[in-house]
Amino acid sequence: GQLSLSGRPLPLHDARLSDLKRYEIMIPEHMKTETQDQGMRSLLKPDRQGTLIEVLFSKEHTGTWDTLSDGVAVWRASFRVPGASSVNLVFSPYQVNKGVRTYVYDKYQKTVLGAFSDANNKPFSKLATAGVPGDEIVVEVQVPTYLESAGAINISGIGCDLAPGFQSESAYDEWYGRSGSCNVDINCIKDSIVQRVKNAVVRIMFNGSERCTGTLVNNTREDGTSYVLTAEHCINREDVANGAVFYFDYESPSCSGSDGSVQKTLSGATIKATGDKLDFTL
């Protein structure tokens, strides 16, 4: 899954911290209209029921900074998108110093992603997170006392899903229960070959809330290089690949069963090849 460290963010209402500063992000009307039109064509690929809002929030000019008694500096900020059923963040740049911990979570801290660290630094300096349920997302950065700064970390995009919320209180994933009648749970198929190759399937979220699938493929060296094959009509630009989130092993545990875990994700990729005639992207 996503490279992350153990640990938890600080309590939401910790007496040592300033009141959480909240920012409300309004979706432009033309984006809402486009999303609604795309939602009407939900049987077409890719599945678009959300949007990515370009923003620029820096730790220097956004949120609040606090210093704990042990010298740890903490930066927090909250972003609310009215009408969203889930929200995710795109950090760009994201190049943090060793020892820094970054968390994102919902306003109840029921869903917590991270801690992200310098292990998540990439050559293209971008980190996209999976979504958290609800219309509000909180980011928290913890900087140990021996560091002068966290490094480079800005929020450049806020992705949101505008489709109806969770279909079930027991669901972990906001899209659980939305599939068409032709989509059969993988564990309804007992064929041993199918049960083996299912592990190659990944779900890809990009541009805030658009979704496609891809397939893990090996190369002729069979050395396990992490290649994913998907469609050109899903991803055909480097910046989109850089900000994509890949979900692994998402499945209902039984035929027509409950929702499965969405904790196994990796963020960011680079395009090796793409073409519209064969409709592929590697």
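Trainee: Why is N154 called buried?
Mentor: Buried means a relative accessible area under 20%, exposed means over 50%, and partly exposed is in between, using a 1.4 Å probe and protein chains only. N154 has 18% relative accessibility, so it counts as buried. Keep in mind that this is a predicted model, where local features need pLDDT of at least 70, side-chain atom pairs count only at pLDDT 80 or more, and totals for chains, interfaces and linings use all residues. Residues are numbered from 1 along each chain as its sequence is written, and side-chain values use heavy atoms, with hydrogens and water left out.

Trainee: Where does N154 sit, and what is it in contact with beyond its neighbours within four places in sequence?
Mentor: It's in strand β11, residues 151–161; strands are DSSP runs of E with at least two residues, helices are runs of H or I with at least four, and both are numbered from the N terminus. Contact means heavy atoms within 4.5 Å, and the partners of N154 include L56, F57, K59, V90 and P93.

Trainee: What makes R22 and E136 a salt bridge?
Mentor: The rule asks for a side-chain nitrogen of Lys or Arg within 4 Å of a carboxyl oxygen of Asp or Glu. For R22 and E136 the N to O distance is 2.6 Å, so the pair passes. R22 is in strand β1 (residues 22–24) and E136 in strand β10 (residues 136–143), 114 residues apart, and the pair links these distant parts of the chain. E136 is buried too, because its relative accessible area is 5%.

Trainee: How do you know that R211 and D161 form a salt bridge?
Mentor: Same test: their side chains meet at 3.5 Å, N to O, which is within the 4 Å limit. R211 comes out as buried at 9%, and D161 as buried at 0%.

Trainee: K198 forms a salt bridge with E251. Why is K198 put in one burial class and E251 in another?
Mentor: K198 has a relative accessible area of 18%, so it's buried. E251 is at 24%, so it counts as partly exposed. Their closest N and O atoms are 3.1 Å apart. Both sit in loops: K198 between α2 (192–197) and β12 (201–206), E251 between β15 (245–248) and β16 (265–267).

Trainee: How many salt bridges does the structure hold?
Mentor: It holds 10. E24, R80, K107 and D135 are linked in a network of them.

Trainee: Why is D239 called partly exposed?
Mentor: Its relative accessible area is 38%, so it falls in that class. D239 belongs to helix α3, residues 238–242.

Trainee: What makes a space a cavity?
Mentor: On a 1 Å grid over the protein atoms alone, it's a set of points where a 1.4 Å probe fits but cannot get out, and lining residues have an atom within 4 Å of a point. Grid points are joined across faces, edges and corners, and the volume is the space filled by probe spheres set on the points. The structure holds 1 cavity of 30 Å³ or more. Of the 12 residues lining the largest cavity, the closest to its centre are S86, N88, M205, G208 and S209. Strands β5 (86–96) and β11 each supply at least two lining residues.

Key. 1 Å grid on protein atoms, 1.4 Å probe; cavity = no way out; pocket = protein on both sides within 12 Å on 5 of 7 lines; lining within 4 Å.
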